[in-house]
Amino acid sequence: MMRLPRYLRLRESPYLAGALIALTLLAAYGITYRAGGTSTAAPHLFYVPIIVAAFLHHHRGGLAVGFIAGILCGPLMPSHVGDAVPQTVENWLIRLGFFGGIGALTGALTRGLASQVELLRKVNTETVLAFVRAVDAKDPYTAGHSLRVSEYATAIAEQMGLSAADVDRIRWAALLHDLGKLAVPEDVLRKPGELTDAEWALMRTHPVKSAQIIEGIATYRDYVPGVRQHHERYDGKGYPEGLSGDEVCLDARIIAVDRKSVG
């Protein structure tokens, strides 16, 4: 539901993350060597790959890359490149300890951050599902409807070969599309017979109401077009705005097809 920032999504791409860490390690080594060795300030550049590894792989990754950095900036790096003066073992071991310690500490902190992000995502999802259950409780004739629409819309989006971000957006827009029914009187929602023109007018406000409910939440704003337009039709005979053709966003078109298939 709550999409991860791009930098957090690196955790889901181990090869890309590994390449980034390797490149920053090599860059730190090359710059430090060209700068003259460990007697300069350049060894501080090794903290970049260490922190990146700790962020992506927590304390184990930070500790492992800290150890590698300690080797690259230790026995493999002279104190003064021009004079070929080696480092003392004491200096190397101290630097190795700092690198490893920073990696482990940063990894532990980022692991806690990742746990909090996952908790927020879980709470976010549970909050949306609570709203959906509230709609089901108010309109028992369509109980489970939003969940079914979300499942089918997701399948359609995946079959179309859309990106993971697009599929995720469509999934949640479909789940949220009927929240506006909470603002429709129960006697209209539950009416067993045909609705009057006035009652239909009330019912047709629910896409706008759904959009109004979610548009004030920053992480939900990408879902607004699909939610607002899910009753629009390609031929222009839908509502609330009578949009037609490509004026109707892709998300809404997918949700609309799916919505008709489940009633």
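Trainee: Which way does H5 pass H6, left-handed or right-handed?

Mentor: H5 passes H6 in a right-handed crossing, the term for a near helix turned clockwise from the far one by less than a right angle. Helices here are DSSP runs (H or I, at least four residues), numbered from the N terminus. Keep in mind that this is a predicted model, where local features need pLDDT of at least 70 and side-chain atom pairs count only at pLDDT 80 or more, while totals for chains, interfaces and linings use all residues. Residues are numbered from 1 along each chain as its sequence is written, and side-chain values use heavy atoms, leaving out hydrogens and water.

Trainee: At what angle do the axes of H5 and H6 cross?

Mentor: Roughly 160°, with the axes of H5 (residues 145-159) and H6 (residues 164-176) coming within 8 Å. Axes are lines fitted to C-alpha atoms, for helices over the stretch in contact, with angles from 0 to 180 degrees between N-to-C directions. That makes H5 roughly antiparallel to H6, the label for angles over 145 degrees.

Trainee: Which residues make the contact?

Mentor: On H5 they include Leu147, Val149 and Ala153, and on H6 they include Val167, Ile170 and Leu175. Contact means heavy atoms within 4.5 Å.

Trainee: New topic. Where does H3 bend?

Mentor: At His58, by about 150°. The bend is the angle between axes fitted to the seven residues ending there and the seven starting there. His58 also has a positive phi, near 60°, and is not a glycine.

Trainee: Which other residue has a positive phi although it is not a glycine?

Mentor: Ala84, with a phi of about 55°. Ala84 sits in the loop between H3 and H4 (89-138). Most residues other than glycine have a negative phi, and most peptide bonds are trans.

Trainee: Where's the cis peptide bond, then?

Mentor: Between Tyr239 and Pro240, with omega about 15°. Pro240 is in the loop between H10 (224-228) and H11 (250-262).

Trainee: Last one: what is Gly36 in contact with, apart from neighbours within four places in sequence?

Mentor: Ser79, His80 and Val81. Gly36 lies in the loop between H2 (14-35) and H3.

Definitions and conventions:
Helices (H or I, at least four residues) and strands (E, at least two) are DSSP runs, numbered from the N terminus. Angles under 35 degrees count as roughly parallel, over 145 as roughly antiparallel, 65 to 115 as roughly perpendicular and the rest as oblique.
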